[in-house]
Protein chains: 2
Amino acid sequence: MPELRKDPVTGRWVIIATERANRPQAFPAPVPMRDEPKTCPFCPGHEDQTPPEVLAYRKEGTLPDQKGWWVRVVPNRYPALSPVGEPARLGDGMYDLASGVGAHEVVIETPDHDANLGTMEPKQIEEILWAYRARCIELSKDSRIRYVMIFRNEGQRAGASVYHPHTQIIGLPIVPMNVKEEISGAQRYYSFKERCIFCDMIRQEMRDEKRLVEINDHFVAFAPFAPRFAYETWILPRFHRAHFEWIEQHEVSWLAKLLSSTIRRLQATVENTPYNLVIHSSPSNVDVGPHYHWHMEIMPALSTMAGFEWGSGFFINAIPPETAAEEMREQG
Amino acid sequence: MPELRKDPVTGRWVIIATERANRPQAFPAPVPMRDEPKTCPFCPGHEDQTPPEVLAYRKEGTLPDQKGWWVRVVPNRYPALSPVGEPARLGDGMYDLASGVGAHEVVIETPDHDANLGTMEPKQIEEILWAYRARCIELSKDSRIRYVMIFRNEGQRAGASVYHPHTQIIGLPIVPMNVKEEISGAQRYYSFKERCIFCDMIRQEMRDEKRLVEINDHFVAFAPFAPRFAYETWILPRFHRAHFEWIEQHEVSWLAKLLSSTIRRLQATVENTPYNLVIHSSPSNVDVGPHYHWHMEIMPALSTMAGFEWGSGFFINAIPPETAAEEMREQG
């Protein structure tokens, strides 16, 4: 079973996932820009090359783990966490560890090997978002899981190791440090102002306009005030919502439209940008009250994290967000 | 002038360094494995291609900014921070910013274009470490500078943008979040145990031996208990010392020997590993008392930071540190 280990100074957790060393390559080289559908484990007709599906949206009358799906969710063949076992904490002298139980799933977003979020129809993106929500709700029922992390790596510089469009979902037995820090930051603001910090941010961005990328009835996309990365863009629900999985059907369609057009704007501004997309939401089954506001962060991978960033936690960004947003707005 | 901006939720700082967009490429592609000495701005004879030197160890009788040096320190031509100006803090609605004053220097480690820490003589590494110390002391005299960060990026996947061996030094007007978190983690441990957490770690590692890489009279190298990266290795002074720049002459030679052999072991274990090396030390001119213990972190860049790591702050590592240390010990 994988092991979770905690750095005693910073409290940062690490997954020692020796199972992943069994992957065809322990340190997968950045994946080629395109591989062949005939060897792709995520392409239709190759359903037997993945573990059995846990969810699929498929044509009526088709069988599980057969062709006929348009979105398919399967366990990761090289999981970072083990689906069986009990969560346990133990010590080793001054050090702390925990058993690596949890879930690691893959959302195969489309049967189309060459699609991406910028080329898919918003209707397809809606289906994908709906699958995220369904798995998030399902995984949250497991009392061992404290946090569900949904993320997407696009392109080799962003760490994708499979070309076919997909998203990963990891159910963690521990609320991650970054999530705790965000929530406690939002809580500090709330105790001072008695307002949600993200709601205030949305108000200021809509008034200032200079960092706005696009807005619709339910969602807003803007370049954050202090972006770590050139062309970093956040998408937030305009009305306060703590949990992603509380999204409603009509909202999903507004989100799909905005996500589709934000990615299209980004890719028109910087061609073929590799990027990471991460959903920041509240821990499973925890009512964080009025403090926290779920959102998506889209982080283009145009530069490499190096010694300065690792050491300081500071980031250096050569493109002011006002410039980035203006360029993205112009790509109508 | 570059601008420092603070993320209102997490408190993370970002440098908006538009000057760096003037570099030959705003997003430098990973650098080729080797460029030609005749076009290298850091090679001897090309001293006029860098700003004037602020320190050099050179043959007696040779002139500044001429040949004859064996270590040379110059301001970065594309600095992330501006050397002139006053530190100032201001607000923009709910957001906070600060003026980007500080220092950004480059230590050209050797005249030899093709050298690296694994091939240099320990005597040369001693001279480099001595230059780090001298610049650290000098920059700390500037009351605008609160923290001096010393780091080295080796190889394209580790973010190096120049091939010739060099180290960067950045003097920051703000103590970085990562440094604050490490110091407060160490302080929490100290208030509970009344012992330095790093001294305890050294004792446990020397007793357990399974994560030890090498040890000498004054320094120890081991794989940390919760390494973010495969083959991550830390080097610590065996006797408590809060500030790197308090290192003494005889200690520098022990450190140079251990650093040289650790890098040689790493590169014999994983050929041509790209890596980041960062010195973690106490803030300038601050007596952190018995809590904090300076050290070096060597972080091989074998995998890419992706959505999961960005979102969670968790890291996934397929090589247990006990395995990594054993492999490195065998490369005697």
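Modeller: Let us begin with a pair of helices. Helix 1 of chain A and helix 4 of chain A are oblique to each other, and their crossing is right-handed. Please bear in mind throughout that this is a predicted model.

Biologist: At what angle do the axes of helix 1 and helix 4 of chain A cross?

Modeller: The axes of helix 1 (residues 122-140) and helix 4 (residues 249-269) of chain A cross at roughly 120 degrees and come within 8 Å. An angle of 65 to 115 degrees would count as roughly perpendicular.

Biologist: Which residues of helix 1 and helix 4 of chain A meet?

Modeller: From helix 1 of chain A come Pro122(A), Ile125(A), Glu126(A), Leu129(A) and Trp130(A). They meet Gln249(A), Val252(A), Ser253(A), Leu255(A), Ala256(A), Lys257(A), Leu259(A) and Ser260(A) in helix 4 of chain A. By class, the contact of these two helices comprises 8 nonpolar, 3 polar and 2 charged residues.

Biologist: Now to chain B. How are helix 2 and helix 3 of chain B oriented to each other?

Modeller: Helix 2 of chain B is roughly perpendicular to helix 3 of chain B. The axes of helix 2 (residues 177-193) and helix 3 (residues 197-208) of chain B cross at roughly 75 degrees and come within 9 Å. Here Glu182(B), Ala186(B) and Tyr189(B) of helix 2 meet Ile197(B), Phe198(B) and Asp200(B) of helix 3. Their contact has 4 nonpolar and 2 charged residues, with no polar ones.

Biologist: Where do the axes of helix 4 and helix 6 of chain B stand, and at what angle do they cross?

Modeller: Helix 4 (residues 249-269) and helix 6 (residues 321-330) of chain B have axes that come within 8 Å and cross at roughly 105 degrees. That makes these two helices of chain B roughly perpendicular. Thr262(B), Arg265(B), Leu266(B) and Thr269(B) in helix 4 meet Glu327(B), Met328(B) and Arg329(B) in helix 6. This contact divides into 2 nonpolar, 2 polar and 3 charged residues.

Biologist: What rotation superposes chain A on chain B?

Modeller: Two copies of a chain are related by a rotation about an axis and a shift along it. In this model, the rotation is 180 degrees, the shift along the axis is 0.0 Å, and chain A superposes on chain B with an RMSD of 0.0 Å. The two copies are thus related as by a two-fold rotation axis. In chain A, the C-alpha of Met305(A) is nearest the axis, 3.9 Å from it. Both copies use the same surface, since 100% of the contact residues of chain A recur in chain B.

Biologist: How many aromatic pairs does the structure hold?

Modeller: A pair of aromatic rings is described by the distance of the centres and the angle of the planes. Over all chains there are 18 aromatic pairs. One of them is formed by Trp310(A) and Phe315(B), at 5.9 Å centre to centre with 50 degrees between the planes, and is tilted. Trp310(A) lies in helix 5 (residues 307-312) of chain A and Phe315(B) in strand 15 (residues 315-317) of chain B, so this pair joins two chains.

Terms used: Residues are numbered from 1 along each chain as its sequence is written. Chains are lettered from A and ligands numbered from 1 in the order in which they are written. This is a predicted model: local features need pLDDT of at least 70, side-chain atom pairs count only at pLDDT 80 or more; totals for chains, interfaces and linings use all residues. Side-chain values use heavy atoms; hydrogens and water are left out. Axes are lines fitted to C-alpha atoms, for helices over the stretch in contact, and angles run from 0 to 180 degrees between N-to-C directions. Helices (H or I, at least four residues) and strands (E, at least two) are DSSP runs, numbered from the N terminus. Angles under 35 degrees count as roughly parallel, over 145 as roughly antiparallel, 65 to 115 as roughly perpendicular and the rest as oblique. A crossing is left-handed if the near helix is turned anticlockwise from the far one by less than a right angle, and right-handed if clockwise. Contact means heavy atoms within 4.5 Å. Ala, Val, Leu, Ile, Met, Phe, Trp, Tyr, Cys and Pro count as nonpolar, Asp, Glu, Lys and Arg as charged, and the others, Gly among them, as polar. Copies are superposed by least squares on the C-alpha atoms of residues with pLDDT of at least 70 in both. Rings of Phe, Tyr and Trp (its six-membered ring) pair if their centres lie within 6.5 Å; planes under 30 degrees apart count as stacked, over 60 as edge-to-face and the rest as tilted.
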